[in-house]
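Subject: Structure handover and notes

Dear colleague,

Please find the structure below, followed by notes on what was found in it. I would be grateful if you could read the two side by side.

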Amino acid sequence: MNAAAKAGDNRLILALDQGTTSSRAIIFDANTRVAALAQKEFPQHFPQSGWVEHDPEDLWQSSLETAREAVAKVGGAGRIAAIGITNQRETTLVWDRRTGEAVANAIVWQDRRTSALCSRLKEEGHEELFTSRTGLLLDPYFSGTKIAWILDNVEGAREKAEAGHLAFGTVDSWLIWRLTGGRVHATDATNASRTLVYDIHKGDWDDDLLGILAIPRSMLPEVKNSADDFGASDTEIFGAPIPISGVAGDQQAATVGQACFEAGMLKSTYGTGCFALLNTGTAPVRSTNRLLTTIAYKLNGKPAYALEGSIFVAGAAVQWLRDGLGMIGQAAESSALAAQADDAHRVYLVPAFTGLGAPYWDADARGAMYGLTRASGPADFARAALESVGYQTRDLLEAMHSDWSAGGKETVLRVDGGMVASDWAMQFLADILGAPVDRPVVAETTALGAAYLAGLRHDYYPEPVEMAAQWALERRFEPRMEPDFRDRLYAGWRDAIRRTVSG
Ligand SMILES: Nc1ncnc2c1ncn2[C@@H]1O[C@H](COP(=O)(O)OP(=O)(O)O)[C@@H](O)[C@H]1O
Ligand SMILES: O=P(O)(O)OC[C@H](O)CO
């Protein structure tokens, strides 16, 4: 039983989870049970090849509508003690402080339009400076070059920015701005750590990096703890003001929701993409394997760091089976189909549909299948798609182990996200890792992480140690594969990767 439950507090916490394809509002009680849920998808915009945009009003309206719907389900704003926000990370918004209107569509994390700018900055020898300060790489994935693009390409933007009229924010900042009626321009350290202009060691925006990208410092939000005072929602939004007191990027929120509070704990989220975060404690670890160093959460002025491996295609490979190839009608059918595949005809899928993320970072690579014969059919495709997620996770874990020897070789992976519904995929994951895979009872770990941070600020939820004790296992997948067979399969994957990476 936690702090709020002990005190007989029957109020609830509202978590807003603003994701890449939908906005969700989930309300948790003091025992971390879901009391209400609302979800709304919104349109994706692809104005040019490699570009991905969201309409800022869609992000706001879908968040607002789902929040109002969920709050109404539990009986109104009086029942809500606090709001936590978690969000798709890196996605970049710039708005005019005077009007509250965005000057352009949001440039989504998947958008590759700043690839040439990143290449130029690398050629000019800037990558080491960016990496040493931010823990990131010069890749279009992160916000910094997207802000520069808006300033350079939206008419009048640079002049307005230099006059102090424009504000930049990741999606959390945009929602906070709108929820507070333009009174608060803030973000948390986890979101700041994805922008490419935040020094994760000093805990401040970096003037040298801002100078290289020609971004005025006046555009940037105040950076707070992940559990902090982010103002309160305007009275008119829910009928009564509600404090906003927890904010974290979605992968960091999942790390919190999975209670990975100790160094060495590891979670991996399997949604559209896959993001694995290894808590490395109070000291940042610099990767020699092209993993990212990022802030896992910041509490009471103290950051905890993580090594992160980001894979762009996980569940999206299953969507491709369904929508691109028409081999299945629903994602859940992929497992039964994969189980029919014949071991004598092993096929590998390298799902580099939008390039490869960690640890390869090859924006120009494209997807490939290897090992096809006349006997190959839909079952082999389904198995290859599900297995590709396991192989990619093993790539990340090998990189993490080599970067962080303090963690030893003992790994237990906590998993979440839509794809972990597949027992088949989770068993293969445990098999190819040669390590246990733990699936928790609470599937909504991202939203739970945001709710936890918001509740922590008000002593509604207990301190991390006590919270960690409440984490509950739904099922553990133990590795069953013979080591020789595992090694042979993984060697085949490495070969497929070698043939796919460009240059
Ligand atoms: N039973 C299943 N087996 C395999 N993949 C699944 C299953 N159910 C959902 N998925 C995959 O999970 C993804 C959705 O997960 P979700 O966490 O909602 O993603 P996101 O937050 O990125 O939108 C989809 O890509 C879908 O293909
Ligand atoms: O919204 P998701 O779940 O696809 O997550 C996106 C990540 O935060 C991108 O870094």
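Which are the buried residues of α7? They are Val-171, Asp-172, Ser-173, Trp-174, Leu-175, Ile-176, Trp-177, Arg-178 and Leu-179, where buried means under 20% relative accessible area, exposed over 50% and partly exposed in between, with a 1.4 Å probe and protein chains only. Because nine of the nine residues of this helix (residues 171-179) are buried, α7 is largely enclosed by the rest of the structure; helices here are DSSP runs of H or I with at least four residues, and strands are runs of E with at least two, numbered from the N terminus. After α7 comes Gly-181, which has a positive phi, near 60°.

Before the ligands, some conventions. This is a predicted model, in which local features need pLDDT of at least 70 and side-chain atom pairs count only at pLDDT 80 or more, while totals for chains, interfaces and linings use all residues. Residues are numbered from 1 along each chain as its sequence is written, chains are lettered from A and ligands numbered from 1 in the order in which they are written, and side-chain values use heavy atoms, with hydrogens and water left out.

Ligand 2

The residues around ligand 2 are Gly-19, Thr-20, Gln-88, Arg-89, Glu-90, Trp-109, Tyr-141, Asp-250, Gln-251 and Phe-275, a residue being near a molecule or strand if one of its heavy atoms lies within 4 Å of it. By class, this shell has three nonpolar, four polar and three charged residues, where Ala, Val, Leu, Ile, Met, Phe, Trp, Tyr, Cys and Pro count as nonpolar, Asp, Glu, Lys and Arg as charged, and the others, Gly among them, as polar. An N or O atom in the side chain of Arg-89 is 3.0 Å from an oxygen atom of ligand 2, and the corresponding distances are 2.7 Å for the side chain of Glu-90 and 2.6 Å for that of Asp-250. Taken alone, ligand 2 exposes 310 Å², of which the protein buries 88%, as computed by the Shrake-Rupley method with a 1.4 Å probe. In an unreviewed entry, UniProt lists Thr-20, Arg-89, Glu-90, Tyr-141 and Asp-250 for "binding site"; such annotations may be inferred rather than shown by experiment.

Two of these residues deserve a separate note. Tyr-141 is found in the loop between α4 (127-134) and α5 (143-153), and it is buried, with a relative accessible area of 0%. Its side chain makes a polar contact with the side chain of Arg-89 at 3.2 Å (a pair of N or O atoms within 3.5 Å; within protein, one must be able to donate a hydrogen and the other to accept it, and residues adjacent in sequence count only if both atoms are side-chain atoms). Asp-250 is found in helix α11 (residues 250-257) and is also buried, with a relative accessible area of 12%.

Ligand 1

Ligand 1 is surrounded by 15 residues, the closest being Thr-21, Thr-272, Gly-315, Gln-319 and Gly-418. An oxygen atom of ligand 1 lies 3.1 Å from a polar side-chain atom of Thr-21, and a polar backbone atom of Gly-418 is 2.9 Å from an oxygen atom of this ligand. The protein covers 70% of the 580 Å² of accessible area that ligand 1 has on its own. Helix α12 (residues 315-324) gives the largest share of the shell, four residues, and by class the shell has six nonpolar, nine polar and no charged residues.

Kind regards
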